[in-house]
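Trainee: Please take me through this structure by question and answer, starting with a loop.

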Amino acid sequence: MKAATRTHYGAPTVLEVKEVPRPKPKDKEVLVKVYATTVNRTDCGILRGKPYLIRLFTGLFGPSALVPGTDFAGKIEAVGKKVSTLSVGDRVWGLHDEGLQTQAQYMVIREDKSIVQIPANISYEDAVASAEGAHYAYNFITKVPLKKGDKVLVNGATGAIGSAAVQLLKHFGAYVTAVGNTKNITLINALGADKTIDYLTTDFTLDRERYHFVFDAVGKSSFGRIKHLLLPKGVYISSELGPGSENIYLPLLTWFQRGKRVIFPIPVNCRRSILFLSELLAKGSFQPVIDRKYPLKEIKEAYQYVESGEKTGNVILQIPQDQ
């Protein structure tokens, strides 16, 4: 089968599309023929092995998996003899943010992991575009006591995480201020934002509104810069470690102060996220944002584009179906 491969950490130039053996499902695994995956910020971190903390999960001195990739959408081709909940021919999607070797024509995954059936009305590409970013966005929300009517500012509202966060926050009844660039203001409004700020013309940290929560979905701000935007018991969450990795230790320091707080949203329970997003997709209550689509043979270009920081929503990697 064709697969993207790399043998050491590095820039997108370390990637090569090669012929590698097709995996065989074990007793409790299924073999999935992959139709679509994404190239996302998690993939880029795993590719480079940065931040170094990620290597505790992906290999200290080199990647433990030959094939990269964290999410997938495809069709089950074979099942292990002890698989009972999934069948050959099922359309499925899923995610594991420590790596699943999904940027290939075939992959295997245990049936009890984060794999669920794709709703009947949803395409492979829309399903996989609802995985990685939406999972992190959902983990932001589940880390705070969000109530209907709470005010939330989302910085980076047009990335994979941010565009999902705006929609999920509106689903839960929040008042959302979304920060993005000029070209995407129309998109932000379509996602349901109550208020928009164009960061190219306005410094969002000068906003007069005060918020219960500030979600930095691109990690380009800091607690110090936005603290004044928070209400007395407000919470700041970032998708990145922050300057000097401050978002690792600030949660403890601010917890003792009992005022405005930082929470670091360690992502957990991919299966819970996928099940929740499947319900929303089936109801038409969530619409993933797709920016560009690349064929597998252009995987280096796909990674380079994601690393440029210019993407809007998700970048899809289309997997060829030839044998």
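Trainee: Where does Leu60 lie?

Mentor: This is a predicted model, in which local features need pLDDT of at least 70, side-chain atom pairs count only at pLDDT 80 or more, and totals for chains, interfaces and linings use all residues. Residues are numbered from 1 along each chain as its sequence is written, and side-chain values use heavy atoms, with hydrogens and water left out. Helices (H or I, at least four residues) and strands (E, at least two) are DSSP runs numbered from the N terminus. On that numbering, Leu60 is in the loop between α2 (55-58) and β4 (71-79).

Trainee: How are α4 and α9 oriented to each other?

Mentor: Axes are lines fitted to C-alpha atoms, for helices over the stretch in contact, and angles run from 0 to 180 degrees between N-to-C directions. Helix α4 (residues 132-142) and helix α9 (residues 270-283) have axes 9 Å apart, at an angle of about 100°. Angles under 35 degrees count as roughly parallel, over 145 as roughly antiparallel, 65 to 115 as roughly perpendicular and the rest as oblique. The pair is therefore roughly perpendicular.

Trainee: How is α1 oriented to α10?

Mentor: The axes of α1 (residues 41-48) and α10 (residues 299-307) come within 10 Å and cross at roughly 110°. That angle makes α1, relative to α10, roughly perpendicular.

Trainee: Which peptide bond is cis?

Mentor: Pro51 is placed in the loop between α1 and α2. The bond with omega near 0° runs from Lys50 to Pro51.

Trainee: What is phi of Gln101?

Mentor: Gln101 belongs to the loop between β5 (91-95) and β6 (106-110). Its phi is positive in a residue other than glycine, near 55°.

Trainee: Which residue meets Lys2 in a salt bridge?

Mentor: A salt bridge is a side-chain nitrogen of Lys or Arg within 4 Å of a carboxyl oxygen of Asp or Glu, and the structure holds eleven. At 3.8 Å, N to O, the partner of Lys2 is Glu19.
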